[in-house]
Amino acid sequence: MSKILQLSMVVLLMGSLAACGTNRNSNETATNETVKDETTNGANETVKDEETTTEKTPTNDEHKLELADDVADKIAKMEEVEKANVIVTNKNAYVAVTLKEGVNGDKTLEDKIADQARAANADFKNVYVSLNPDFVKQMNEYGEKIRANEPIEGIFKEFSDTVKRVFPDAR
């Protein structure tokens, strides 16, 4: 009898430890991965618990900052635009634009610039355009760092914070 009790305690302990190993890492945040819990209530009916979403920490591939000089050149050829800088991360394009003297920027012009970016690269999931001089300056600095092959890890957090501040609705 005591061997059965010991064996059941070992199995219970192993099950508890295995369950602890399945806890989410503290680095995980929300994604589109959906987990459904299903149980049977004894009457051959399946009962589904509410869906839970979990999000994984971005991989190194998602922490890429790349210049899209070809797209920037096409935007710069627009009659209203003096200069453009485009940085891409995870298929999102962030466009910083300096307008020609005398040109007033508005939502219509920003949309026109975004359309030009999408025409130049159809792979862009989202295009965010800013005419803000401070953002333009910051994007130019990021572009210089990327061209100088500085480690992306060193500027990625700062870049992300800047983008969240300028485009608070961007996800």
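**First stop: helices H2 and H3**

Select Val71, Lys74 and Ile75 in H2, which meet Ile113, Gln116, Ala117 and Ala120 in H3. Contact here means heavy atoms within 4.5 Å. By class, this contact of H2 with H3 comprises 5 nonpolar, 1 polar and 1 charged residues. In this classification Ala, Val, Leu, Ile, Met, Phe, Trp, Tyr, Cys and Pro count as nonpolar, Asp, Glu, Lys and Arg as charged, and the others, Gly among them, as polar.

The model is predicted: local features need pLDDT of at least 70, side-chain atom pairs count only at pLDDT 80 or more, and totals for chains, interfaces and linings use all residues. Residues are numbered from 1 along each chain as its sequence is written, and side-chain values use heavy atoms, with hydrogens and water left out.

Now display the whole of helix H2 (residues 69-76) and helix H3 (residues 107-120), which pack at an angle of about 135° with their axes 9 Å apart. Axes are lines fitted to C-alpha atoms, for helices over the stretch in contact, and angles run from 0 to 180 degrees between N-to-C directions. H2 and H3 are therefore oblique to each other; angles under 35 degrees count as roughly parallel, over 145 as roughly antiparallel, 65 to 115 as roughly perpendicular and the rest as oblique. The crossing of H2 and H3 is right-handed. A crossing is left-handed if the near helix is turned anticlockwise from the far one by less than a right angle, and right-handed if clockwise.

**Second stop: the whole chain**

Zoom out and colour by secondary structure. How many helices and strands does the protein have? There are 5 helices and 8 strands, and from the N terminus on they run α-β-β-β-β-β-α-β-β-α-β-α-α. Helices (H or I, at least four residues) and strands (E, at least two) are DSSP runs, numbered from the N terminus. Of the 171 residues in the protein, 28% are buried; buried means under 20% relative accessible area, exposed over 50%, and partly exposed in between (1.4 Å probe, protein chains only).

Select helix H4 (residues 133-147) together with H5; the two pack at an angle of about 160°, with their axes 11 Å apart. H4 is therefore roughly antiparallel to H5. Their crossing is left-handed. Show the side chains of Phe135, Gln138, Met139, Tyr142, Lys145 and Ile146 in H4, which meet Ile152, Ile155, Glu158, Phe159, Thr162 and Val166 in H5. This contact of H4 with H5 has 8 nonpolar, 2 polar and 2 charged residues.

The structure holds 6 aromatic pairs. Rings of Phe, Tyr and Trp (its six-membered ring) pair if their centres lie within 6.5 Å; planes under 30 degrees apart count as stacked, over 60 as edge-to-face and the rest as tilted.

Why is the pair of Tyr94 and Tyr128 stacked? The ring centres of Tyr94 and Tyr128 are 5.2 Å apart and the planes lie at 15°, so the pair counts as stacked. This pair links distant parts of the chain, with Tyr94 in strand E7 (residues 92-99) and Tyr128 in strand E8 (residues 126-130), 34 residues apart. Both Tyr94 and Tyr128 are buried.

Phe159 is buried, with a relative accessible area of 2%. To complete the view, select Tyr94, Tyr128, Phe135, Tyr142, Phe159 and Phe167, which ring pairs link into a cluster.

Select Lys64, in the loop between strand E4 (52-54) and strand E5 (66-67). Is Lys64 partly exposed or buried? At 41% relative accessibility, Lys64 counts as partly exposed. Not counting residues up to four places away in sequence, Lys64 touches Val88, Thr89 and Phe156.

Move on to Asn90, whose C-alpha atom is separated by 7.1 Å from that of Lys64, although the two are 26 residues apart along the chain. Asn90 lies in the loop between strand E6 (81-89) and E7, and its relative accessible area of 48% makes it partly exposed.

Most residues other than glycine have a negative phi. Phi of Asn90, however, is near 50°, a positive value. Lys91, also in the loop between E6 and E7, has a positive phi near 65°. Lys91 is exposed, with a relative accessible area of 51%.
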